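Reader: I've got this one open on my screen and I'd like a close look at a single part of it. Could you walk me through how the pieces meet, and then follow that outward?

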Amino acid sequence: MTIGIWILGDQLWSQQAALQSCQSHRDTPIILIESLEFVRVRPYHRQKLVLVWSAMRHFADELRDAGWSVTYIITAESVEVPLKKWIQDHKITQLRVMIPNDKPFQDLMATLNLSCPIDWRENNHFLWNETEFKQWSNRRKRLLMEDFYREGRQRFNILMEGKQPLGNRWNFDSENRKPPKGKLNPPRPLWFEPDQITRAVIEQVNQLSLPLYGKIEPFGWAVTRQQALEVLHYFIEERLPNFGSYQDAMVTGEQTLWHALLSPYLNLGLLQPLEVIEAAEKAYFDKNLPLNSVEGFIRQILGWREYLHGIYRVMNREYSQHNWFDHTQPLPEFFWDAKKTDINCLSQVLSQVETTGYAHHIQRLMILSNFALIAGLSPQEVENWFHAVFIDAYDWVMQTNVIGMGLFADGGILASKPYAASANYVNKMSDYCKSCAYNPRSRTGENACPLNVFYWNFLDRHREKLKSQGRMNLVLAHLDKMSENELNIIRQQAENWLSRF
Ligand code: FAD
């Protein structure tokens, strides 16, 4: 039997399950395929293509240095053609693949007409595999992230003192919502100069005659495990101590604040979740770091990331098509071109995404997807947009974050209430409103902030549905106090705004 291994673009770890299962480097051919086929699906951010392809090429070189026999294919065709040829050339009788993170890719692989069977290996890029998550979820009526996170803390013995959480609390969230007051001085992010391989990919992407999005340069993302480890180390030293307090803050010109910038590397397999969590935990003990920062950061990975991945695995293929509010507004053009909006919070975040492919969590949740939710944009169009433009976007992380958390389109499978907010929140947690043409304190009138208009219009339109969500009662009580006259003005203004997009 000749086993051949196909490594996918987000499986770039020397210990990934398919590689781990084969001891003989020289006798096991490996293939990596860079295909233009998937770029035709949506207009990806140019830096995303550079990141993934450069990381793949670097990884292929690392495997060669470790003695593996590696074939690297760059093709404008589908993956099937070169894959078949490679199987034939190397007389491969079994293709070994680690189960893809993304279901659409897994489905596509199942349709390939290959001359040998595929031996699927359980994906080991997450702390909880599908079976383990199913076992956890089968035991519960509601799949609450907080319950899952606590179980994860105990299971992996992270920040524990015997059976109790360190500091006698599981969650320090309430300390992690400081608004940005005065001048904040976050450390600069760690970026890298593109090397020869990355430059070649930049050149190649520049030559593509396909619709793409965003600026390609400056490109500073890490493209190897070594560089990703440097980003991790830098984060632990310079950013983690203050990660917690300003986790939800947004400041003009400060694109990353104290956030880790690790998602692109975790999602490609260049870093593994447990090593990141353990590095943060070790820093807590060695450097006596504030527990709200360390716990807050660990919760993002051991909690949110694993939980959302688990939910994605156990949901059926229709999850992405949910549309609980029946929202059908098309995506406004300015999502593709930030210059086309004068709503400052949107313009700031969108132009940042154009330049970097990155926005931090609160920018994604409370600016971009909040707007999409309250303006009634189609969840599927919004998901498609997020998937195209973010440096760290993949199907598994997109569906749950956008359809579930951001847009509540799944009707509350994942979140206990919609993350809907008016300008009040943005004004409190950012400095964006200070330089905006619209007034965050008005909900009617010429220069009333459109977030206010859409927010109250959203509550008004979905009053009945929202009543079933217990946690919405307080805001609905405010809505009840508004006069019919004011509501009519808001309805009309919302319509005017939508017709402008
Ligand atoms: P930090 O804030 O420093 O957090 C540390 C790590 O925690 C991240 O690197 C990430 O791996 C993990 N994490 C935190 N929250 C989540 C979450 N909700 N889901 C998954 N992982 C999480 N994350 C992606 O990886 N890819 C996406 O395409 C993506 N799209 C999102 C879209 C929306 C609408 C929302 C609300 C969230 C999205 N997220 C996505 C989750 C989160 O916003 C990003 O993981 C985070 O902003 C990445 O930046 P960071 O590494 O600086 O994160």
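Author: Where domain 1 and domain 3 meet, 12 residues of domain 1 are in contact with 10 residues of domain 3. Sort the domain 1 side by class and you get four nonpolar, three polar and five charged residues. Keep in mind that this is a predicted model.

For the overall layout, the protein is split into domain 1 (3-121), domain 2 (130-314) and domain 3 (321-500). Taken over C-alpha atoms, the centres of domain 1 and domain 3 are 39 Å apart.

The buried residues of helix H7 pack against H2. H7 covers residues 196-207, so to speak a 12-residue helix, and it reaches 17 Å from its first C-alpha to its last, close to the 16 Å expected at 1.5 Å a residue. Which residues of H7 are buried? They are Thr198, Val201, Ile202 and Val205. Looking down the axis of H7, these buried residues fall within an arc of 105 degrees, so they line one face of the helix. The general rule behind such a pattern is that an α-helix has 3.6 residues a turn, so residues three or four places apart point the same way. On the other side of H7, Gln196, Glu203 and Gln207 are exposed.

After H6 comes Asn157, which has a positive phi, near 50 degrees.

H11 leads on to the ligand. Helix H9 (263-268), H11, helix H13 (361-374) and helix H15 (395-406) each supply at least two residues of the shell around the ligand. H15 has the largest share, six residues. Of the 27 residues around the ligand, the ones that come nearest are His259, Ala260, Ser263, Gln300 and Ala393. By class, the shell has 15 nonpolar, nine polar and three charged residues. Domain 2 and domain 3 each contribute at least three residues to this shell.

One more stop, in the loop between helix H8 (225-243) and H9, where Leu257 sits. Is Leu257 buried or exposed? Buried: Leu257 has 22 other C-beta atoms within 10 Å, and the cut-off for calling a residue buried is 20 or more. Setting aside neighbours within four places in sequence, Leu257 is in contact with Pro186, Tyr246, Ala249, Val251 and His360. For a sense of distance, Leu257 and Glu37 lie 220 residues apart in sequence and 36 Å apart in space, C-alpha to C-alpha.

How values were computed: Residues are numbered from 1 along each chain as its sequence is written. This is a predicted model: local features need pLDDT of at least 70, side-chain atom pairs count only at pLDDT 80 or more; totals for chains, interfaces and linings use all residues. Helices (H or I, at least four residues) and strands (E, at least two) are DSSP runs, numbered from the N terminus. Domain bounds come from an automatic or database domain assignment. Two residues are in contact if their C-beta atoms, placed from the backbone, lie within 7 Å. Ala, Val, Leu, Ile, Met, Phe, Trp, Tyr, Cys and Pro count as nonpolar, Asp, Glu, Lys and Arg as charged, and the others, Gly among them, as polar. The expected span of a helix is 1.5 Å times one less than its number of residues. A residue is buried if 20 or more other C-beta atoms lie within 10 Å of its own, exposed if 12 or fewer, and partly exposed in between; C-beta atoms are placed from the backbone. The arc is that of the directions from the helix axis to the C-beta atoms. A residue is near a molecule or strand if its C-beta atom, placed from the backbone, lies within 6 Å of it.
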